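Work through the exercises below with the sequence and the coordinates open. Each task is followed by a stepwise solution.

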Amino acid sequence: MVQFYTFLLLVLAPLFPTSALAQTFKPDPGNFPVKGDGDFAGGIFSLSLSDLGKYTTGGSGPTPEAPSGAGTKTSGSGPYPARMLTDSTLPGHTIFAPKAIPAGNLSMPFIAWGNGACTLNSGTYENLLVEIASYGYVIAADGTPTGSSGTSSQSKVQDMRDSLDWAFAGKAAKYGNIDLTKVTTAGHSCGGLEAMSTAYHDARVKRIMMFNIAIFQDDRRYLLAEIKVPVAYLIGGKTDMGYSTSAKDYALLNAGLPKLRVNLETGHGGTFSATNGGKQGKAAVNYLEWQWRDNATAKAYILNGGLVKDNWVVEQANW
Ligand SMILES: *[C@@H]1O[C@H](CO)[C@@H](O)[C@H](O)[C@H]1NC(C)=O
Ligand SMILES: *[C@@H]1O[C@H](CO)[C@@H](O)[C@H](O)[C@H]1NC(C)=O
């Protein structure tokens, strides 16, 4: 229980910086900043702490799919047992990768990850990220495995960009054959907004995955016009603060853009902490295996009944 509340606190309380910053970016249709950094943790798609109360409208109610306790740590369920580690060539970050370079020079997609509340504690997501890595992915997450106590500092868009720059400088090659044409930014809550802000005007990013989050403020949704790659929303149902906001964003994405919005009644906390990241881990792996390896089984899991069987409500278009 204590763990659960600590988790909630981490996710919800320090979502945005406490210090009031002078806002330099003014949302205004037609005002598209060159870069997605913006003024707050989470970047241009995010908001200030002082505005947070106005927008967090996650309802209350049962969350039958929320994990009942912390899961077991594994090396992932995929073919390439994986681990969490730090790497001195990318300070302030955490790597999730197969323990051994996969045989056959397997080409591995790259993912940059941001944590809920934009904390610098990526260990919170170990179960989910090790699971994904075990299918042959290399992930660089903001923050360190244990983070800083107090979480007074938060990641910024530049931290996630540092992960991309690191991979594109060839520094992830020690983990195997990285395919830099297959790059995803992803994150939970504030980290998801950071993923979208990092992808904004950065052509290196080819997919965006938003866990339990979407844009809070109506006056920033016009920025979605600059999102040109497929977006997947993995949301926690009606009690999730990302529920109604993701419905709005999903509808507003550019015409014809492939998009996915799936809901499971977990609330804002998702299933990250469950063994192998629970049903969100399974959904994420199948989505990625479909997108990056064109795996027909994985595609069918997402589009043709697998998610529904696992109690997800699925919306999708343009694939
Ligand atoms: C692995 O594959 C990449 C291209 O995907 C190639 O550039 C590299 O030389 C290969 N390495 C080995 C050891 O075969
Ligand atoms: C597709 O994914 C399934 C489930 O992970 C796996 O068993 C299968 O080998 C994959 N197919 C290909 C062609 O990689």
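**Exercise 1.** In this predicted model, find which residues of the largest nonpolar core touch the most other members.

Solution. The core has 47 residues. Those touching the most other members are Phe45, Ile95, Phe110, Val138, Trp166, Met196 and Tyr233. Next, assign the core to elements: E2, E3, E4, H4, E5, H5, strand E6 (207-211) and strand E7 (231-235) each contribute at least two residues. Another core, of 34 residues, lies apart from it and includes Ala133, Met209, Ala298 and Leu307.

**Exercise 2.** List the contacts of Met196, leaving aside neighbours within four places in sequence.

Solution. Met196 is in contact with Phe45, Ile208, Met210, Leu224, Ile227, Val231 and Tyr233.

**Exercise 3.** Check the length of helix H4 (residues 157-168) and describe its packing.

Solution. At 1.5 Å a residue, twelve residues should span 16 Å; the end C-alpha atoms are 17 Å apart, so the two values agree. Then take the buried residues: Val157, Met160, Arg161, Ser163, Leu164, Trp166 and Ala167. They pack against strands E2 (93-98), E3 (107-114), E4 (138-142) and E5 (177-188), and against helix H5 (190-199). After H4 comes Gly170, with a positive phi near 85 degrees.

**Exercise 4.** Is Ser134 buried or exposed?

Solution. Locate Ser134 in the loop between helix H3 (126-133) and E4. Its relative accessibility is 0%, under the 20% cut-off, so Ser134 is buried. The Ser134 side chain reaches the backbone nitrogen of Gly78 at 2.8 Å. Beyond four places in sequence, Ser134 touches Ser75, Gly76, Ser77, Gly78, Pro79, Tyr80 and Ala82.

Methods: Residues are numbered from 1 along each chain as its sequence is written. Chains are lettered from A and ligands numbered from 1 in the order in which they are written. This is a predicted model: local features need pLDDT of at least 70, side-chain atom pairs count only at pLDDT 80 or more; totals for chains, interfaces and linings use all residues. Side-chain values use heavy atoms; hydrogens and water are left out. Helices (H or I, at least four residues) and strands (E, at least two) are DSSP runs, numbered from the N terminus. The expected span of a helix is 1.5 Å times one less than its number of residues. Buried means under 20% relative accessible area, exposed over 50%, partly exposed in between (1.4 Å probe, protein chains only). Contact means heavy atoms within 4.5 Å. A nonpolar core is a set of buried Ala, Val, Leu, Ile, Met, Phe, Trp, Tyr and Cys residues joined through side-chain atoms within 4.5 Å. A polar contact is a pair of N or O atoms within 3.5 Å; within protein, one must be able to donate a hydrogen and the other to accept it, and residues adjacent in sequence count only if both atoms are side-chain atoms.
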